[in-house]
Amino acid sequence: MTFIAFIPGFVLFGAIYNGWLALRYAHQEEGPEGRATMIGVFAPILSFIFSMSAFSTVRESGEPISLMLYQWFSSAGLSIPIALRVDALTAVMLLVVTGVGSLIHIYSMGYMHRDKGYIRFYSYLNLFMFFMTILVLADNLVLLFLGWEGVGLASYLLIAFWWKDGEKADCGKKAFIVNRVGDLGFLMGMLTLFTVFGTLNVNGVWANATSLVAEVSKVSGDLSAIVPSGVFAGWSYSSVFSLAGILLFIGACGKSAQIPLFVWLPDAMAGPTPVSALIHAATMVTAGVYMVARMGFLYTLSPLAMGVVACVGALTALVGASMGLVQTDIKKVLAYSTISQLGFMFIAVGLGAFSAGIFHLFTHAFFKACLFLGAGSVIHGMHHEQDIRKMGGLKEFMPHTYLTFLIASLAIAGIFPLSGFFSKDEILLLAFTSPRFPVLGKILWGVGFIAAGMTAFYMFRLVFMTFSGECRAEKKVQHHIHESPFSMVLVLWVLALGSIVVGVFGFPHWNPFGHFVDSAVPEAGGHPSAGTELTLAILSLCWAVAWILVARKFYVTNPERPAEVAEEYSGAYALLSNKYYVDEIYEGAVVQPIWAASKGFLYRVIDVRIIDGLINATGVAARLVGEVLRILQTGVVRTYLVFFMIGTVIILWLITS
């Protein structure tokens, strides 16, 4: 099955080739855009073709396929190979990453045309996809962590792509640093797993965990038994599994922008819009959800870790949706929407409904990529204007963008029969009927239900303010508003059609998607009754439609009302528009104290006085020694003879005494 090595191989070649081209033509006005496009676009398309082949092989055989490339290193009982593995979960993720990724590469041809960094942009995009495919293909946690860190590096390069703008460069640095905080937790979780199980191979950890649970159960009947020796001696096995699961989830909070590490994602909108679609729709931000599902066997051993994942996801879904209610930047509305939708995915995987969480990841890739690229089409047509208060009436100028954006908005709002209806409602249903968490599940359903209503409202607030009514753009801008080129419109329609049809794969009681993914993740358990399922589905649909009608009343029928409400509830409006002041809290509680300590103590005391003092003292001592020796070095032979005689006498005296 060596063909699976070509999946990351093609995009790696594209990254290297376009990187070489970018360096070669760095000091020239124009570079060979045609060659860069051919390699940069066809590389991910070829990866997608091979991903479909891998998917087909796994689906037909029902067995995973593996490829051992070579032994990376072996030390102190830890053996890490470069090994790739494709099972049902990996196959789905590969289709999402390479499929949606390829569409975004095609879209970028029109969006980034004539940008001075065009070739460099494709090099970064291909590099990002290489690391993302490594992340999902990895057979062990060390190789997964390499891909994990790689997508962090590539996302920094893409977010700060226009680095000459200091604000955009700062946004890239913010994303990079916040992700490193989460990655520290991930690394500690890996070390915990190695300490307990003696391996970092995913299947090895799974096998060792299964045998350990069976062994402990013979003695005590549960995981409350005490670890007999080692680093965690005196801990219960349940506590160790909880620690490992929570530490890994901290890493997922960084990558997937969950509370409290979500602050980087809205600022990541500083990158080009195709980057926003690639990172925030189908790939990087879903890495945390994938990791929790991949390590699902570990989380099922710890109700505490599962509860933490689900509760953080629910809180993030609610907070993200509430912040999206008042944003005026078209891309930031979608950024907070992404944060919220990722929260729904973590509710699912936290409750043990792993295939449901991955299914929402799958449908979300289509409609959120369509929304981001639709926003890019609007920005492209509006000459880089992103404030929705300066838009309006664009459906007359950009009919294709409007229709595709509307379809994707209906999907994310959960309107039947589009994809979001099936995936989001499945999560809410499984939360309401969760056998593992009967009480907590219903609370999480309530939180998710409220967040779903907010989603319908802010998405159609965005639709109505952008496309309906009269155009509020400046006259000189209105004269130049235009539909996007064919390469961009084609991608929008492909994603819009995907937003319509992919939900059928999760159709209740048929659900081929769930049956396929369930072969690679632990069983969720529980089978809701048809009556409960239908009742909750109708309730959710009516709830979404109600909030869409509220949005229409506010922003179409009575457009003055939102300003009145904002004035009436100025405190709440300020709280939401300032994103709960989380950035300001971090600035005051973390950034400024670190800056003050660094400048006042680490720099002025440690660096200047101690380190520089020692170095300067060494120089002064050497100079003093030199001054003394210079006195002795007179250049007069008679003086040297006198010193020679004195030295000889001293040596003879020492020898004879």
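A: Start with the salt bridge, which is a side-chain nitrogen of Lys or Arg within 4 Å of a carboxyl oxygen of Asp or Glu. This is a predicted model, in which local features need pLDDT of at least 70 and side-chain atom pairs count only at pLDDT 80 or more, while totals for chains, interfaces and linings use all residues. Residues are numbered from 1 along each chain as its sequence is written, and side-chain values use heavy atoms, with hydrogens and water left out.

Q: How many salt bridges does the structure hold, and which residues are linked in a network?

A: There are 13 salt bridges in the structure. A network of them links Glu-149, Arg-180, Asp-183 and Lys-255.

Q: Which parts of the chain does the pair Lys-174 and Asp-583 link?

A: Helices are DSSP runs of H or I with at least four residues, numbered from the N terminus. The side chains of Lys-174 and Asp-583 form a salt bridge at 2.8 Å, N to O. The pair links distant parts of the chain, with Lys-174 in helix α6 (residues 166-197) and Asp-583 in helix α25 (residues 582-632), 409 residues apart.

Q: Are Asp-87 and Arg-85 buried or exposed?

A: Buried means under 20% relative accessible area, exposed means over 50%, and partly exposed lies in between (1.4 Å probe, protein chains only). Asp-87 and Arg-85 are both buried, and their side chains meet in a salt bridge of 3.3 Å, N to O. Turning back to the previous pair, Lys-174 counts as partly exposed because its relative accessible area is 21%. Asp-583 is also partly exposed, at 24%.

Q: How should I read the salt bridge between Asp-165 and Lys-168?

A: Take the distance, then the accessibility of each partner. The two side chains meet at 3.3 Å, N to O. Asp-165 has 33% relative accessibility, so Asp-165 counts as partly exposed. Lys-168, at 22%, is partly exposed too.

Q: What does His-105 contact beyond its neighbours in sequence?

A: Contact means heavy atoms within 4.5 Å. His-105 is in helix α3 (residues 88-111) and counts as buried because its relative accessibility is 0%. Leaving aside neighbours within four places in sequence, His-105 touches Gly-40, Val-41, Pro-44, Tyr-122, Leu-125, Asn-126 and Met-129.

Q: How do I read the length and the surroundings of helix α17?

A: The expected span of a helix is 1.5 Å times one less than its number of residues. Helix α17 (residues 419-432) has 14 residues and reaches 20 Å from its first C-alpha to its last, close to the 20 Å expected. Of those 14 residues, 12 are buried, including Phe-421, Phe-422 and Lys-424. The buried residues of α17 pack against α14 (330-350), α15 (354-381), α16 (399-413), α18 (438-467), α20 (486-501) and α22 (530-557).

Q: Which element gives the most to the nonpolar patch?

A: Patches are made of residues with over 30% relative accessible area and no salt bridge; like charges are joined within 9 Å, and nonpolar side chains (Val, Leu, Ile, Met, Phe, Trp, Tyr) within 5 Å. Here α26 gives the most, with 7 residues. One of the patch residues is Val-642, which lies in helix α26 and is partly exposed at 46%.

Conventions: Helix = DSSP H or I, 4+ residues; strand = E, 2+ residues; numbered from the N terminus. Areas by Shrake-Rupley, 256 points an atom, 1.4 Å probe, with all protein chains shown as cover.
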